[in-house]
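I opened this structure to look up a helix and some aromatic rings. My notes are below the view.

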Amino acid sequence: MSESNFDIQSPPCVLCGWTDNCPEKYGEKKTYVEYNLTVHYYCLLMSSGIWQRGEEDEGVDGFLITDIRKEVNRAAKLKCNICKKKGASIGCVAPKCKRSYHFPCGLRKECIFQFMEDFRSYCWEHKPVQIFPDKESRGPSQCTICLDLVEHLPLYSVLKSPCCKNAWFHRECLQYQALSAGIFFFRCTVCNNKDKFQEEMLRMGIHIPEKDASWELEENAYQDLLQCYQHCDIRRCLCKEGRDYNEPDSKWEIKRCQSCGSRGTHLACSSMKSWEQNWECVECRSIFAKSGKYSKQKKRSLATSEKTDGTTCLLEEPSPKYPRQSPGSQHSFLLQSPKIICQNNLSPCSRLELPPSNRTTMSLSPLMSNRSWSLGKKHLRTQRREVSSILKELKQQINTKTTRLNINTENIWNTALKGFRQRNFRPTNTIEVKFTNCKNRLKTDTSGSKHLFFQLLMGHLQNSSLFEGSSAKNLSLDSQALKENLYFEAGKMIAVSLVHGGPSPGFFSKILFNCLVYGPENVKPNLEDVADTDVVQTIKKIKYANSLSSLQSTIHECYDFLAAAGCLRPITALCDKNMLVNDLLTHHVIKRIISPLESFRQGLKTLGVLEKMEMHPVAFSSIFCHKPERLSAETLCDLFTIHCSSGVKEVGGADFWIGYLQDVESGESVVTLEDILYFVTGSFSIPPIGFDPEPTIKFLHVGYPIGNRLLNCLELPITKTYESFKNKMEFTIRNTLRVERE
């Protein structure tokens, strides 16, 4: 026993002489001033010459003080076979074994202490061991508690589950879990077996305290479960007091979804007249509809509207989140009115009522009625909204100090790489982009040029030698790029693009994304993840071999291929091909690119992006593995907030804007919705983080539309007719974009 184990300020245990106070190892250490006694609880339990002869409230947890002193005197005559000091109160129970030791010394020597029945102790020579069948794999696997690797070896530090063939644990992990879970909740983490599992763990020296689980003892541990959801999730909440406002017995009372209870709506926001009406959120309605368990509403036939084609439109009963129409209303689907803020009082107008003569109709495309398509789109939109909020949090790191990047659009990669590697570049600085080979306004247009730069950069990365695959891409193995640290730079560029308002990659394969967020060791690749067609064909030959002779013949033909992958092995049965195929897939998809992957991960850590990806993997997969959603008239209508004067409503400005978006979407225009967005913001798509500042529209007495990319503001002319409005929009946007493209 070393001198470092003694501390003058802390009295030593009367049985082992150690001053350490580590409840997880030695049990609770208590000092009884009235008895002049300090003792570790485990030292007391395991001592060979003492028993609990008293009640629980007598002495020390039922051990009488006189008995403890007798045991101390007995142990004082026994020398520890490990540290050679006196006071060894614990003896091995094996027949003819005379070894004695202190409890802490026994732990160091890997003795087994059984916290059950007679509290037996076994020395390092006679301790019980677990039997591992020879046929079992001796390769490492994951500890199902800490998820670190654990070797399949007969070691003191390794324990195997008695009820699950492939469940292995670190002894230390099991002991901590047992102390936390207690006897009522300690069980196998894989199959949930309790009795057989506890019996084996007690035999192998795991202490399972007779107490309730630690999480059950925590005060107010379940307080959050008592909270009722109080938030309006309707797309356009009409309540001026905000989405969290709840006034019982009024139209602003919040009604929760009757199925999940985790979404809500104000009664007024869903046109509900009373609390008794049932309401389900869009997510639950979609799930039930997909599963076939939702009772379909009767379809209502709407009369022929003022559409030019004269067709009749059949619509299902609208969602409760939108105002219900009366059965006899004679109008087609109306595009939701835009957000409007009146300048006279700066209050949001809940809805702009358009004159019947100016209402523009829009028929639903067949895709819009496809429930599964709608469910997928809505799910992606929800995830992307979550990503937007996360990226806005990360953007708070960005300061006002500016770093300028001089970019040549014809050599986007090298000039970007030079800019990112310059000495004064900091990801937390505000980025300003100057195109050195442009003569138009993009040369000095900070906002638009930055959007365009990141868009060109993401496009170059997608088609670069750093990635392989067709549409969904994995990392490639480029030794020169690895040597020049280009994988790190690529990850860094993507992280910077996301936080600084650029586009998302949108081309990652699921296997690449999962390797990034879950770790390559937790990912199992499929044949579809292999980019090389020759490799795919070779693996298919092995996978679909239907006899042992054909399999062995294929192995012989592919000798060099298997040797290069490190997968050469004797094949004695047809079923051996399954493990061989899995090993080949793991090598070609993951192990082969492990160095580029780690370098790429380090780059993605820039500005904390990778950390957020690991915390919210499902949300971030929506922008890494999916292209941005195609723009629609509804999307742009929702994106822009209209700042209007009191006279705009009369001249039909907002009405013209909605009508123009619908014309563009239906192909009745020479420009596209992407052209309109680019004209105002300098971006052809909505970045994951959104726009800063948020796009706005102003109706002014100007001759032609003006796109202010610095403010993301579209200034529109006030006209008397829709034809005049449309002509001015077409002329200005088409010619502005033509000049910029030239």
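**Entry 1: the model.** I note first that this is a predicted model.

**Entry 2: helix H15.** I looked up which residues of helix H15, residues 533-543, are buried. I found Val535, Val536, Thr538, Ile539 and Ile542. They cover an arc of only 165° around the axis, which puts them on the same side of H15.

Next I asked which helices the buried residues of H15 pack against. I listed helix H16 (548-557), helix H17 (559-565) and helix H18 (576-589).

I also checked the start of H15. A side-chain oxygen of aspartate 532 comes to within 2.9 Å of the backbone nitrogen of aspartate 534.

**Entry 3: aromatic pairs.** How many aromatic pairs does the structure hold? I noted 27. I looked at two of them in detail.

One is phenylalanine 453 with phenylalanine 454: the ring centres are 5.0 Å apart and the planes stand at 45°, so I logged the pair as tilted. Phenylalanine 453 is buried, at a relative accessible area of 0%. Phenylalanine 454 is buried too, with a value of 0%.

The other is tyrosine 660 with phenylalanine 725: the ring centres lie 6.3 Å apart and the planes are at 85°, so this pair is edge-to-face. Tyrosine 660 belongs to helix H24 (residues 653-665) and phenylalanine 725 to helix H26 (residues 722-741), so the pair ties together parts that are 65 residues apart in sequence. I checked burial here as well: tyrosine 660 is buried, with a relative accessible area of 0%, and phenylalanine 725 is buried, also with 0%.

**Entry 4: charges over rings.** I looked for charged side chains placed over a ring and wrote down two cases. Arginine 171 lies over the face of tyrosine 156, at 4.0 Å from the ring centre. Lysine 728 has its charged end over the ring of tyrosine 704, 5.7 Å from the centre of that ring.

Note on methods. Residues are numbered from 1 along each chain as its sequence is written. This is a predicted model: local features need pLDDT of at least 70, side-chain atom pairs count only at pLDDT 80 or more; totals for chains, interfaces and linings use all residues. Side-chain values use heavy atoms; hydrogens and water are left out. Buried means under 20% relative accessible area, exposed over 50%, partly exposed in between (1.4 Å probe, protein chains only). Helices (H or I, at least four residues) and strands (E, at least two) are DSSP runs, numbered from the N terminus. The arc is that of the directions from the helix axis to the C-beta atoms. Contact means heavy atoms within 4.5 Å. A polar contact is a pair of N or O atoms within 3.5 Å; within protein, one must be able to donate a hydrogen and the other to accept it, and residues adjacent in sequence count only if both atoms are side-chain atoms. Rings of Phe, Tyr and Trp (its six-membered ring) pair if their centres lie within 6.5 Å; planes under 30 degrees apart count as stacked, over 60 as edge-to-face and the rest as tilted. A charge sits over a ring if NZ of Lys or CZ of Arg is within 6 Å of the ring centre and within 35 degrees of the ring normal.
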